Structures are given as C-alpha cells and as structure tokens.
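Trainee: I would like to learn how to read charged pairs in a model. Please take me through the case at hand.

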Amino acid sequence: MWTIDDIVLGRECDWPREEVPPPPQRGTICTCGTRTLNADMLALPFAPNAINVAIAGGKAVLSYPFSGCWMTAFEYREAGCLFNLGQGPDARRNCPYFGRTGSQGPYCGDRCPYRNTLLVAHVSTGGGQDCYPEWNRIAGYCQVIRAFKPHAPLFARRRTANIYYGVVADAHNAYAISAAYSPRHDNPVFSDKITISE
C-alpha cells in the first residue's frame, strides 16, 4: 500500500510527467491515458479541456501536472452510468458497461461498477475550455469527498519546483507533492510534500 512516507525529499522522482492529447469532445468526462504504475498506484494524466477520471479500485491515484487545475475525489450515487453525466448523446456507446449483462443481470443501474466506488478526477481549468462549471454540475450527482488544487499550497511555500503532483491515496488521505530539476540527476527530485486536510 502506498503512503506519503514513500516520498523522500531529495530522492529522484521517476513518476510520469506527460499530459495526454485533448479528447475529441471538449469540456466533458473522459478516461484518457489512465494506467497502472505499480501494484499500489494508478497514473491519471492531465487531459486538456476535459475532466479526466480514474476508478481508484483500491489503489492510490497519482495525477499530474498541475498549475491551476483541480483534483477531486468523489463517489457517484445516482442510478445509471456515470458517463451519462458528461458525454451527451454518445454517452451510452462510450460507456464500457452499458448494455452488458453479467450472471446477475444488466450492469446499468444498481450494478454499475462506477456507482458507489471512489473516483478521482483531474479537472482542467486552463485556456481553451474551463471545465470547472461542468464539474460543479456533475458534483450535484455525487458525494464529493474532496476537491483541491495540488499546486496551491506548495507554491505558497515558495520552494523550488518544476512539476506539481496530486495523490489521492484513499477516501481519507490526499497529498500535494512537488519535484524540481537538478543538474545532478536525470529526473527531477522530490522537493516538497504536504498532506491535504479534510
């Protein structure tokens, strides 16, 4: 299980830093470029002009890079599919569970795997498409556990940093972490870490 104690300041940061290309439909939910980093952590990259979402599935979710975007942790409570909230007429086609039937019956509705499970989002607020108003609309259907800007508390401490990360370890623990380039290392090194209070 990943913990904040795994981060040692001054040690090389081998976490990913790249963002993914913007999805074709702007201002909506997507699941772009989410991948497993290791047994304990998922990577959730920034997707410009979108709300990129990962299903935590018991793992910590690392999102990056941050310069003004929000990181949110939430649970979807309503009946039906999470993707119906944000993808318009193509939502059902884009949902991997819509129309599928298991041994217990259809997945949509009470059995939707997106329902009542921890979801983590990177909400784009930069140029092109500010997704925060759409996030506020979606939040009305959800139980929002936390919403924070990972770069803000670190930037306020005025320590050297080139990249800002956010980590939602579980429903109770979230962190902001920064890394800075160093001439002595190929990768940036961890430069600061803060626990995000509830």
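**Reading the salt bridges**

Mentor: Glu 134 and Arg 137 form a salt bridge, with 2.9 Å between the closest N and O atoms. The model is predicted: local features need pLDDT of at least 70, side-chain atom pairs count only at pLDDT 80 or more, and totals for chains, interfaces and linings use all residues. Residues are numbered from 1 along each chain as its sequence is written, and side-chain values use heavy atoms, leaving out hydrogens and water.

Trainee: What is a salt bridge here?

Mentor: Side chains of opposite charge can pair when their charged atoms come close. The criterion is a side-chain nitrogen of Lys or Arg within 4 Å of a carboxyl oxygen of Asp or Glu.

Trainee: Where do Glu 134 and Arg 137 lie?

Mentor: Both are in helix H2 (residues 132-139), 3 residues apart, about one turn of the helix. Helices (H or I, at least four residues) and strands (E, at least two) are DSSP runs, numbered from the N terminus.

Trainee: Is Glu 134 buried or exposed?

Mentor: Glu 134 is buried, at 19% relative accessible area, while Arg 137 is partly exposed at 36%. Buried means under 20%, exposed over 50%, and partly exposed in between (1.4 Å probe, protein chains only).

Trainee: How many salt bridges does a search of the whole structure find?

Mentor: The search finds 2. One of them joins Arg 35 to Glu 18, with the closest N and O atoms 3.5 Å apart. This pair links distant parts of the chain, 17 residues apart: Arg 35 is in strand E2 (residues 35-38), and Glu 18 is in the segment before strand E1 (29-30). Arg 35 is partly exposed at 37%, and Glu 18 is partly exposed at 40%.
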